[in-house]
Every structure is written in structure tokens, then in C-alpha cells.
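Thanks, everyone. Let me put the structure up, and then we'll go through it piece by piece.

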Amino acid sequence: MSGDDVVEVVQRVQTSLRKATAVGDRLVVEAVERSLPGSVGCRSITQFLVQTQRISGGDAAARVKRARKTGIWHTVSGESMDPTLPETAAAVWAGAIGAPCSRWRRRPGW
């Protein structure tokens, strides 16, 4: 591959990873709305994510926080509610932006 091809592939992979984040957020909403955490003995959606995805509590909490703001939730009657951050939600779904991670800091020389 040429250098330009590598750059294009790297960009496409990053867009795909960002879109996968949006799908993961949608699954957080689904799990909450279906009461899945309680059905498997978890006290919260964060605990559910830690146990089912084998991720840290911090990562799970960040996913839940993001899903609360960018997810499409539903009323008891099933009506969709707009995300709290609709423009951010649209950009995440398009793969234009990714999930911020405040724990990662750029190291000198990177």
C-alpha cells in the first residue's frame, strides 16, 4: 500500500471504531430500558457493564454517562425522546467524533 492508502485505511478504521461506540451506547439504553441489569443480579447498569463486558468501573461509568446524554431513550408509553446532546449524538453516529476520555493524557513526545 502507498502512504496515502495507509492514511485512508487508518481514517476509515477510526470512523468505524467511533460508530461502534455509538452502537455500544445504544445497547446501554436497551439494557436499561429492558431492566437487564436486575434480571442478572446487578444493582446498576454500571455493575452490569463491568460484569458482562469485563471492563473497569470507570470505563463503565463513562459509557453510561455518555449514553444518558447522547442516547435515544423512550418514555413508558414507548415514545422516543431526543438526546440531551442531539448534535453530539448525530456526530457520534456519523463517526465524525469519538468518545472523550479524560483519563488519557497526551504524553510528551507523542
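One definition before we start. A salt bridge here is a side-chain nitrogen of Lys or Arg within 4 Å of a carboxyl oxygen of Asp or Glu. Keep that cut-off in mind. Also, this is a predicted model.

With that, look at Glu 30 and Arg 26. Their closest N and O atoms are 2.5 Å apart, so the pair counts as a salt bridge. Why are these two about one helical turn apart? Because they sit four residues apart in helix H1. Glu 30 is partly exposed, at 22% relative accessibility. Arg 26 is partly exposed too, at 22%.

Glu 30 has another partner. Its side chain meets Arg 34 in a salt bridge, 2.8 Å from N to O. Arg 34 is exposed, with a relative accessible area of 59%. Shared partners therefore join Arg 26, Glu 30 and Arg 34 into one network.

Now Arg 12 and Glu 8. Their side chains form a salt bridge as well, 2.7 Å from N to O. Both lie in helix H1, four residues apart, about one turn of the helix. Arg 12 is exposed at 56%, and Glu 8 is partly exposed at 36%. Across the whole structure, the search finds four salt bridges.

Step back to the overall layout. The chain has five helices and two strands. From the N terminus, the order is α-α-α-α-β-β-α. Of the 110 residues, 21% are buried.

Next, the inside. How many cavities of 30 Å³ or more does the structure hold? One. Among the lining residues are Ala 22, Asp 25, Ala 89 and Trp 93. Arg 26, from our salt-bridge network, lines the cavity too. By class, the lining has five nonpolar, two polar and two charged residues.

Now the surface. Met 1, Val 6, Val 9, Val 10, Val 13 and Leu 17 form a nonpolar patch. Together they have about 580 Å² of accessible area. Met 1 sits in the segment before helix H1, which spans 3–33. Met 1 is exposed, at 76% relative accessible area.

Last stop, Ile 97. Ile 97 lies in the segment after H5 and is partly exposed, at 33%. Which residue 79 positions away along the chain has its C-alpha 6.6 Å from that of Ile 97? Arg 18.

Terms used: Residues numbered from 1 in each chain as written. Predicted model: local features only at pLDDT ≥ 70, side-chain atom pairs only at ≥ 80, totals over all residues. Heavy atoms only, no water. Patch = residues over 30% accessible without salt bridge, like charges linked within 9 Å, V, L, I, M, F, W, Y side chains within 5 Å. Areas by Shrake-Rupley, 256 points an atom, 1.4 Å probe, with all protein chains shown as cover. Buried < 20%, exposed > 50% of the residue type's maximum accessible area, 1.4 Å probe, protein only. 1 Å grid on protein atoms, 1.4 Å probe; cavity = no way out; pocket = protein on both sides within 12 Å on 5 of 7 lines; lining within 4 Å. Points joined across faces, edges and corners; volume = space filled by probe spheres on them. Nonpolar A, V, L, I, M, F, W, Y, C, P; charged D, E, K, R; others polar.
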